[in-house]
Amino acid sequence: MIINRLNKNLILLSLDLSYIFEALMRKIIIVIAVSFYSLTALCQKNNFQPGYYVTFSGDTVKGFGKINTAKNKVELEFKGDIASNDIVRFMGIGCREMSFGKDTYITWQGKRSLEYIDKVDLSLIRNNDSYSSEKISLKLLYKGSNFALYQYQGEKDQFFMQINNSIEELILSYDYLTFQEKTQYRGNQLPAYHVMKTYQSQIYAALSDRISKKLNALVFQTEYDRFSLVKLFKKIDGNSK
C-alpha cells in the first residue's frame, strides 16, 4: 500500500515537473520571439539595418545604417545603437566600404565615361568622348570567386568589373555616323549613331579561362543592363566551380 502511494506521488511529481518545464520553455520561446520581432520591427520602422562601414584607414565600425540614394549620390545615416537618436551622416565616398542589410557599396576612383544618350532626344549623344576620374560609390551586384560586378547610377547606369583587386568600367559607347556611312543607308534605315558594346570583349578577355564554348555565345549576346549582366556573371561563376 505504502509503495503504491509512493509510486503514485512520484508519477504526479514527474507530471508536475514536466508541465512546469514545458511552461517555462514556452515562456522562453515567446520572450525570444517577441524580442526578435521587436528588434526587427524597430529596424524596419526606421529603415536602419545592421551592418558596418570601413574607414580609409582600415577600421571596421559596426552598428546600424540607412543608405540613401539619389541621382549621382549615396549617403549613409549611421548610429551605433538601434535605439539611439544620435545619427551620423556622411557621403558614401567618405568611407572605403559600407554594408547594411542587403546593400554593399565601395568607393572607387578611376577613369570612367560621362557619355550618355539624351533621355528626351534619343538621337543626341551627350558628353561625347568625355571622361571623369572623381570618386564615386559603386553598388555590389554580384560577387563571385575572384571577380565581382558593380553598378553606378548616374545619368545612365554604368557597370564595373572587378578582377582580384583591379576594377574597370565595362564600356558601352556611341559614335555618330560619318557622311560616307550615312550614304550607305536608305530611307528610315539610317541609325542615329553606332553602339559599340566593348564590354562584351572586356568580359571575355578577362574571364576567358572560365568561359566554356556554351557560354561564349552568351557573352556576346548579353545586353548592357543589370539583369543581363548579373545573369551572365552568375553563369560564369557557376561554370568555373
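I began with leucine 170 in this predicted model, and, setting aside residues up to four places away in sequence, I found that leucine 170 touches Leu149, Phe159, Phe160, Met161, Tyr199, Gln202, Ile203 and Tyr224. I then looked up the largest nonpolar core, which has 24 residues, and Leu170 is among the members that touch the most others, together with Leu149, Phe159, Tyr199, Ile203, Phe233 and Ile236. Strands 11, 12 and 13 and helices 3, 4 and 5 each give two or more residues to this core, and helix 5 supplies the largest share, with five residues.

Next I followed strand 13, where five of the seven residues are buried, so the strand is largely enclosed by the rest of the structure. Strand 13 pairs with strand 12 in the antiparallel sense over seven bridges, and it is joined to strand 14 (residues 166-170), also antiparallel, by five bridges. Glutamine 162 is the bridge partner of alanine 148 and stands opposite isoleucine 167 in strand 14. I also checked the turn of the hairpin formed by strands 13 and 14, where asparagine 164 has a positive phi of about 55°.

Last, I turned to lysine 156, which lies in the loop between strand 12 (147-153) and strand 13 (157-163). What does the side chain of lysine 156 reach? I found the backbone oxygen of glutamate 115 at 3.0 Å, whereas glutamate 169, the nearest side chain of opposite charge, is 5.1 Å away, and the buried lysine 156 has no salt bridge. Beyond its neighbours within four places in sequence, lysine 156 is in contact with Glu115, Tyr116, Leu172 and Tyr174.

Conventions:
Residues are numbered from 1 along each chain as its sequence is written. This is a predicted model: local features need pLDDT of at least 70, side-chain atom pairs count only at pLDDT 80 or more; totals for chains, interfaces and linings use all residues. Side-chain values use heavy atoms; hydrogens and water are left out. Helices (H or I, at least four residues) and strands (E, at least two) are DSSP runs, numbered from the N terminus. Buried means under 20% relative accessible area, exposed over 50%, partly exposed in between (1.4 Å probe, protein chains only). Lys and Arg count as positive and Asp and Glu as negative; His and the chain ends are not counted. A salt bridge is a side-chain nitrogen of Lys or Arg within 4 Å of a carboxyl oxygen of Asp or Glu. A polar contact is a pair of N or O atoms within 3.5 Å; within protein, one must be able to donate a hydrogen and the other to accept it, and residues adjacent in sequence count only if both atoms are side-chain atoms. Contact means heavy atoms within 4.5 Å. A nonpolar core is a set of buried Ala, Val, Leu, Ile, Met, Phe, Trp, Tyr and Cys residues joined through side-chain atoms within 4.5 Å. Two strands pair if DSSP finds at least two bridges between them.
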